[in-house]
Amino acid sequence: MGKPELSIEQMAKIAEPWTDLTLKEQDEVLWRCMSNPIEFCNEPLMTGGSKLRPRQAEIISQLYATTDGGPLRKGNRKYTVGICVAGMSSGKTHLASRIEGFETALLLQYEHPAAQWGLAKGSWIRIINVATSETQSKETVWDEFKDTLLKRSPYLMSFHPTILTNSVKFNSHHVHLASLGSSALSSVGRNLKCAIIDEMAKFETETGKRSGKFVFDSLTRSTTRFGRDGFEPIRKQKIRGC
């Protein structure tokens, strides 16, 4: 299994700005950040201090548009798939890592996340990063998420997750995050809340069960259990000259 990357003591120290708040103050921050992904991404208590660029904020706003034009709430998302086509060094990795953090926080706001979608209490819900290989999956969005958001987030650290190289488990809420290569998709299971597909263009050169279409269709089916709340953001690098 490997040794956790942070101890309980280290996580408790990072969490202090959150745990030092009163319950009322925590509720106010949660309401503001869970109903607006831009607020989440720019809130130091949630993401550790970094903020979105204007263009990134615009994309996030569009991805999480609501059917009624109001604040985000359970069941009112306009889209369940988001595709970002951009060139190298355009901020796709940072953007995807913030989506992963937001989707994680949306689950952790509930005492029993599984029960919110008609699953048995204690059922594990998963959020995954997928790339053509496990190494590719780990070295892009996953490492960005762990190193620049998760380990700096007072809110997320307050849950004392078990952080391993390719896995993060919030055991108290049965939320599991993982970094996978396309060959491991068969192990995902049905309770998939969010799948982040990294560098989709590279999948398009594959065939069979490693092809872009197979990966996309498989993950889309896995998120349907969550209805309008299942989400699948895709990073697709724009080829130079296109």
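**A walk through the predicted fold**

Let's start in the sheet: strands S2 and S6 (residues 192-197) run parallel and are joined by five bridges. Strands count as paired here if DSSP finds at least two bridges between them. Strands (E, at least two residues) and helices (H or I, at least four) are DSSP runs, numbered from the N terminus.

Before going on, please keep in mind that this is a predicted model, in which local features need pLDDT of at least 70 and side-chain atom pairs count only at pLDDT 80 or more, while totals for chains, interfaces and linings use all residues. Residues are numbered from 1 along each chain as its sequence is written, and side-chain values use heavy atoms, with hydrogens and water left out.

Back to S2, which spans residues 125-131. Six of the seven residues of S2 are buried, where buried means under 20% relative accessible area, exposed over 50%, and partly exposed in between (1.4 Å probe, protein chains only).

Stepping back, the protein has 10 helices and seven strands, and 50% of its 242 residues count as buried. Taking contact as heavy atoms within 4.5 Å, residues 24 or more positions apart supply 71% of the contacts with a separation of 6 or more.

Now for the interior. A nonpolar core is a set of buried Ala, Val, Leu, Ile, Met, Phe, Trp, Tyr and Cys residues joined through side-chain atoms within 4.5 Å. The largest such core holds 53 residues, and Met34, Met46 and Tyr155 touch the most other members. Helix H6 (residues 92-108) contributes the largest share of this core, with eight residues. Another core, of 10 residues, lies apart from it and includes Val130, Leu192, Ile197 and Val215. Looking at Met34 itself, and leaving aside neighbours within four places in sequence, its contacts include Met46, Leu72, Phe102 and Leu106.

Phe102 brings us to the aromatic rings. Rings of Phe, Tyr and Trp (its six-membered ring) pair if their centres lie within 6.5 Å; planes under 30 degrees apart count as stacked, over 60 as edge-to-face and the rest as tilted. By this rule there are eight aromatic pairs. Tyr64 and Phe102 have ring centres 5.0 Å apart and planes at 90°, so they are edge-to-face. This pair links distant parts of the chain, as Tyr64 lies in the loop between helix H5 (54-63) and strand S1 (81-86), whereas Phe102 is in helix H6, 38 residues apart. Tyr64 is buried at 5% relative accessible area, and Phe102 is buried at 1%. Trp142 and Phe145 form a tilted pair, 6.2 Å centre to centre with 45° between the planes. Both of these residues lie in helix H7 (residues 134-148), three residues apart, about one turn of the helix, and both are buried. Elsewhere, Trp18, Tyr155, Phe159 and Phe170 make up one aromatic cluster.

What about the cysteines? With a disulfide taken as a pair of cysteine sulfur atoms within 2.5 Å, a search of the whole structure finds zero. For Cys41, the nearest cysteine sulfur is that of Cys33, 9.2 Å away. Cys41 is buried at 1% relative accessibility.

Let's finish at the start of the chain. Gly2 lies in the segment before helix H1 (8-19) and is exposed, with a relative accessible area of 53%. Its C-alpha atom is separated by 6.8 Å from that of Leu164, 162 residues apart along the chain.
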